[in-house]
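Good morning, and thank you for making the time. I would ask you to have the sequence and the model open while I speak.

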Amino acid sequence: MTGRNLLEQMGLHDTHRQQRLAFLQLGDEDRRNLAEIREFAHSHVGEIVEAFYAHLLRFEDTRRILHDDTQVARLKQLQREYFLQMIEANLDANYFESRLRVGDAHQRIDLPPEWYLGTYNLYLRLVMDRLRAHFGHDPERLIALIASLSKVIFLDMGLALDAYIKGGYVHRALAQEYRRMAEVAERTLVEKREVEHMKADLTNMIVHDLKGPLGGILTVTQLALRKRGAVADAQARRFEQIQRSARDLLRMIENLLEIDQMQENRLELRVEAVEIGELLTACADEYQAAAEMSGQTIRVTVNDDVGVIATDRWLLRRVLNNLVVNAIRHSGAPGFIDLEADVSDARVQLRVRDTGHGISAEDQVSLFLKDRNGQRSQNSREDTGLGLVFCKLAAETMGGSITVHSALGAGTTFVVSLPT
């Protein structure tokens, strides 16, 4: 606050001042009580002020403020004057103005209000101790004197609060706290980003190191199966199982790698003309043998209005592969897996439908979340749980979306919607 008249700035005109005195019930009787202890006040003001500053200097925070002896001597003189002025109880506009200015001076140097207001309690306690020693023989009179003194001190405390609130201390304190919270949040975000980068780097290293030996396994099994005539049927089936497991592991590894790339917008689409019917048929052919081992049959249905779309063939094929593998593993019962395609609202709708046990509504909520803690099926040991996360991110990267429709006992349908 600036200017010469703080009363006017705060709107504390004569009517408001009288209302405040009336609320405290501070009147003529209190003035007479305080007049009765003027001689006492002049006799004890020195020791009260000395005890007041001796208490303040016991604390490190206040010692830092009161480190200058010359400053402390001047403040002691001001305190003596204030105490005697308070006892005079001449509570006119000048008194109100002087108390507002003292409060304003303290708030402008950002003195915490708990210290400033705490000094009023200290003052009251020091004076009460001496009044008790002087008037202890007359308890009723002592109570009346302390009550009158307390009213003036509470009046001064109220004016100090006005100065702190309207002078800007509260706003500055809040702004400082907001800055501190923002700094903490920023440090937390930086640390989180650093941890995420470390995780991404570690993932990339693991993926890179695993793809080498995994490629070797696939190469050996492919060579062995090409010479099928020299390999017994039982051994050929084992090689086929090894090959399927190696491809599944490769799929999981690629999911991990590309999820991070898509989340950081680092995955570049290789857009080309993709014939949807051919893509679904190729996917069905690749996984038909695995489906039959689980007692399931993959069927393909493509409407005549579905033709060619411009998208990333490899990425879309990866989405379909994940959904088909998911259906084979998690449908939980023999039946059919249908790959379907049609056009609706200028979008191609690709469906992977199974006739299995279905997914509860509760589990569907977190189905596409990377950090979900949802329950996994009995086949969870064979999966990372990131296949559907990959499908969601991949569909969105291609400008589309993925949804799930399921109910317990009614099978599951995943729908990938892409622009035509």
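Let me begin with a convention of handedness: a crossing is called right-handed if the near helix is turned clockwise from the far one by less than a right angle, and left-handed if anticlockwise. Please also bear in mind that this is a predicted model.

With that convention, α6 passes α8 in a right-handed crossing. Helix α6 covers residues 69-88 and helix α8 residues 113-135. Their axes come within 13 Å and cross at roughly 70 degrees. Angles of 65 to 115 degrees count as roughly perpendicular, and α6 and α8 are therefore roughly perpendicular to each other. On the α6 side, the contact is made by Gln79, Tyr82 and Phe83; α8 contributes Tyr120, Tyr123 and Val127. By class, this contact of α6 with α8 has five nonpolar residues, one polar residue and no charged residues.

I turn now to the other partner of α8. Helix α9, residues 139-166, packs with α8 at an angle of about 165 degrees, and the two axes are 10 Å apart. Angles over 145 degrees count as roughly antiparallel, and α8 and α9 are therefore roughly antiparallel to each other. The crossing of α8 and α9 is right-handed. Among the contact residues are Tyr116, Tyr120, Val127 and Phe135 of α8, together with Leu142, Ile146, Asp156 and Tyr164 of α9. The contact of α8 with α9 divides into 19 nonpolar, one polar and two charged residues.

Next, the largest pocket. How much space lies in it? The figure is about 980 Å³. Its lining consists of 33 residues, and those nearest the centre are Tyr53, Leu75, Gln79, His106 and Tyr116. Two of these names have come up already: Gln79 in the contact of α6 with α8, and Tyr116 in the contact of α8 with α9. The elements that give two or more residues to the lining are α4 (38-56), α5 (60-65), α6, α7 (93-108) and α8. By class, the lining has 18 nonpolar, nine polar and six charged residues.

Finally, I would draw your attention to a loop. Arg270 is found between α11 (233-263) and β1 (271-275). Which residues does Arg270 touch, leaving aside those up to four places away in sequence? They are Thr311, Asp312, Arg313 and Trp314. Arg270 and Trp314 are 44 residues apart in sequence, yet their C-alpha atoms are 8.2 Å apart in space.

How values were computed: Residues numbered from 1 in each chain as written. Predicted model: local features only at pLDDT ≥ 70, side-chain atom pairs only at ≥ 80, totals over all residues. Heavy atoms only, no water. Axes fitted to C-alpha atoms, helices over the stretch in contact; angles between N-to-C directions. Helix = DSSP H or I, 4+ residues; strand = E, 2+ residues; numbered from the N terminus. Parallel < 35°, antiparallel > 145°, perpendicular 65-115°, else oblique. Contact = heavy atoms within 4.5 Å. Nonpolar A, V, L, I, M, F, W, Y, C, P; charged D, E, K, R; others polar. 1 Å grid on protein atoms, 1.4 Å probe; cavity = no way out; pocket = protein on both sides within 12 Å on 5 of 7 lines; lining within 4 Å. Points joined across faces, edges and corners; volume = space filled by probe spheres on them.
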